[in-house]
Amino acid sequence: MNFLYLIPARGGSKGLPNKNIKEFNGRPLISYTIDAALTCTSKENICITTDSIEIKNVAESCGVEVPFLRPAEQSTDYASSEEVILHALAFYRSIDQIYDYVIYLQPTSPLRNQSDIKQAIASLRDNTELLVSVKETDANPYYVLFEENQNGILEHTKPSVFSRRQDCPKVYELNGAIYIINVKKFLQKGYRELKMQKFVMDKINSVDIDDIWDFKIAEFLMKSNLSMQT
């Protein structure tokens, strides 16, 4: 099986400016994802898809090549991951390089490591269409999530008779760290129609950076050696 390791890193970021290359524990944030990918494959199978010359330069200083700059229309706040993946696959088809799977690794998950990626790959089945990394959620809708009804009264998001959290069914939350996409099925059906298979990750390694508070928490965990960096 051929795997394309696709790392999306556009230049614009409103929540945390320049977050993909912001210094994280002494290194650009994106470098942690690049390093994890390099322990799993050769640099020829790693693609940084970006619209930013600055990010391109940082990525190349980390030991990978950036084969193209992403067009502006695929780099807006409204551009979907599906568009980004389709654009990258089209580029590789144009140079007669065909991949069976895309491993989509967002730079905002720096505590995700090579072990997580390799275990996710090992979890693939013959019929896997889309494997997504998850964590068991703390916000269980049977226990702690409520919606306001038309009378202004809070009601459980899901009907519940559980008096203890541990009795509730397990519910999983996408952590954004790893997506493995079957290219053939993706091109046939589109991303939203793919059947999802879960890959459960450790809570700490699941930290995803969206804003400055996430950034500080992740950096603290990294500096404290609390993440599973193997």
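A residue is called buried when its relative accessible area is under 20%, exposed when over 50%, and partly exposed in between (1.4 Å probe, protein chains only). The model is predicted, so local features need pLDDT of at least 70 and side-chain atom pairs count only at pLDDT 80 or more, whereas totals for chains, interfaces and linings use all residues. Residues are numbered from 1 along each chain as its sequence is written, and side-chain values use heavy atoms, leaving out hydrogens and water.

**Overall form**

Six helices and ten strands make up the secondary structure of the chain; these are DSSP runs, with helices (H or I) of at least four residues and strands (E) of at least two, numbered from the N terminus. The C-alpha trace spans about 55 × 40 × 35 Å along its principal axes. Of the contacts (heavy atoms within 4.5 Å) with a separation of 6 or more, 70% join residues 24 or more positions apart.

**Burial and surface**

Of the 230 residues in the chain, 43% are buried. The accessible surface, computed by the Shrake-Rupley method with a 1.4 Å probe, comes to about 12,300 Å², and carbon and sulfur atoms hold 49% of this surface.

**Cysteines**

| Residue | Relative accessible area | Class |
|---|---|---|
| C47 | 0% | buried |
| C168 | 9% | buried |

A disulfide is a pair of cysteine sulfur atoms within 2.5 Å, and a search of the whole structure finds zero of them. C47 is accordingly in no disulfide, and the nearest cysteine sulfur, that of C62, lies 15 Å away.
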